[in-house]
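Trainee: Before we look at anything in detail, could you show me how to read the surroundings of a ligand and the arrangement of domains in a model?

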Amino acid sequence: MTVVTHERFHAVAEEPVYERDTAPVAGAGAAAISLTGLEKSFGTNRVLRGINLHIPAGQFVAVIGKSGCGKSTLLRILMGLDEPSAGELHFENADGSEASPNARIVFQEPRLLPWLSVADNVVVGLGDGIDKHAALKAADAVLSEVQLGEKVGEWPARLSGGQRQRVALARALVSRPGVLALDEPLGALDALTRISMQELIHRVWRELGFTAVLVTHDVSEAVHLADRVIVLDEGRIALDLPIPCPHPRRHGHPGLAELEGRLLAAILGTDSGH
Ligand SMILES: Nc1ncnc2c1ncn2[C@@H]1O[C@H](COP(=O)(O)OP(=O)(O)OP(=O)(O)O)[C@@H](O)[C@H]1O
């Protein structure tokens with residue numbers, strides 16, 4: 001099994017990849033993820049029951065399913081924060097060789113350090129051993145990317161919920177991750193802030209080309225952002241649905257509404273999966 005290193009730092013951003021349509025265009029450092037026969041039990045509770053999944057480098061995958069179906073457990077295993085009970089997890093480079101990607105995670109709560117400025121919170125994402133001046137420069141650049149350039153010297157307590165979550169995103173992006181896991185990152189935000197954050201996440205994914213795995217309760221958010229949506233049910237993949245719609249995707253678009261309907265049916269168990 002591959003252990004995810006969280007410490008790797010790529011100080012210089014690769015050239016942004018613009019104009020990506022639905023076909024994934026992987027950035028440098030993006031890794032494919034392969035799960036084979038993945039199982040996870042907590043005592044007698046069999047949470048993941050033989051998950052087989054290949055996520056190509058640079059793809060944006062959303063994972064949805066009923067509360068307690070194992071979404072966060074899957075994400076934690078992907079991030080090396082928890083061990084599977086059985087099965088294999090591999091990260092692969094474009095040539096199929098084993099990769100050790102720089103993997104980061106954004107949680108529902110921004111988890112900022114209140115005694116550090118916005119910029120210093122972002123610098124935390126670079127780990128130790130980085131020249132302070134270079135680190136602040138990188139923090140500055142990524143804060144501009146998430147449209148918080150004017151808040152670099154601010155305290156977290158003086159930011160709105162959406163702004164705090166953008167700082168958390170900046171902290172994850174500053175090391176230019178090859179894999180970004182998002183665990184309900186917008187769950188605590190109001191509807192309008194969610195939509196603008198969705199656009200932001202889509203834009204940075206398109207620019208940087210990391211492999212993205214988003215856990216969400218929001219089916220509309222999943223089809224709005226992802227290339228592909230996985231429905232988990234009782235520890236198994238109940239549906240693996242490609243979302244072959246070009247971006248930008250308008251909320252309420254009839255094609256997306258049809259896909260949302262299929263996903264909801266799979267979550268509720270009223271769909272055959274075809
Ligand atoms: N550390 C743990 N120890 C024991 N049981 C756990 C642990 N973590 C998760 N579980 C159990 O695993 C199951 C799946 O939890 P998980 O958090 O992965 O679900 P989820 O689909 O992300 O749920 P939600 O949508 O409510 O966040 C639950 O039954 C939960 O109680």
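Mentor: A residue is counted as near a molecule if its C-beta atom, placed from the backbone, lies within 6 Å of it. Keep in mind that this is a predicted model. By that criterion, the residues around the ligand are Phe42, Asn45, Val47, Gly65, Ser67, Gly68, Cys69, Gly70, Lys71, Ser72 and Thr73.

Trainee: Which element gives the most to the shell around the ligand?

Mentor: Helices and strands are numbered from the N terminus, and in the shell α1 gives the most, with 3 residues. Both β2 (45-55) and α1 (71-78) supply at least two residues each.

Trainee: How do the residues of that shell divide into nonpolar, polar and charged?

Mentor: Gly counts as polar in this scheme, and the shell divides into 3 nonpolar, 7 polar and 1 charged residue.

Trainee: Which domains does the assignment give for the protein as a whole?

Mentor: The bounds come from an automatic or database assignment, which here gives domain 1 (26-102 + 178-274) and domain 2 (112-175). Their centres, taken over C-alpha atoms, are separated by 26 Å, and the contact takes 9 residues from domain 1 and 8 residues from domain 2.

Trainee: Where does the largest share of the side of domain 1 that touches domain 2 come from?

Mentor: Helix α5 (residues 191-208) provides that largest share, 4 residues, and the residues on this side of domain 1 divide into 7 nonpolar, 2 polar and no charged.

Definitions and conventions:
Residues are numbered from 1 along each chain as its sequence is written. This is a predicted model: local features need pLDDT of at least 70, side-chain atom pairs count only at pLDDT 80 or more; totals for chains, interfaces and linings use all residues. Two residues are in contact if their C-beta atoms, placed from the backbone, lie within 7 Å.
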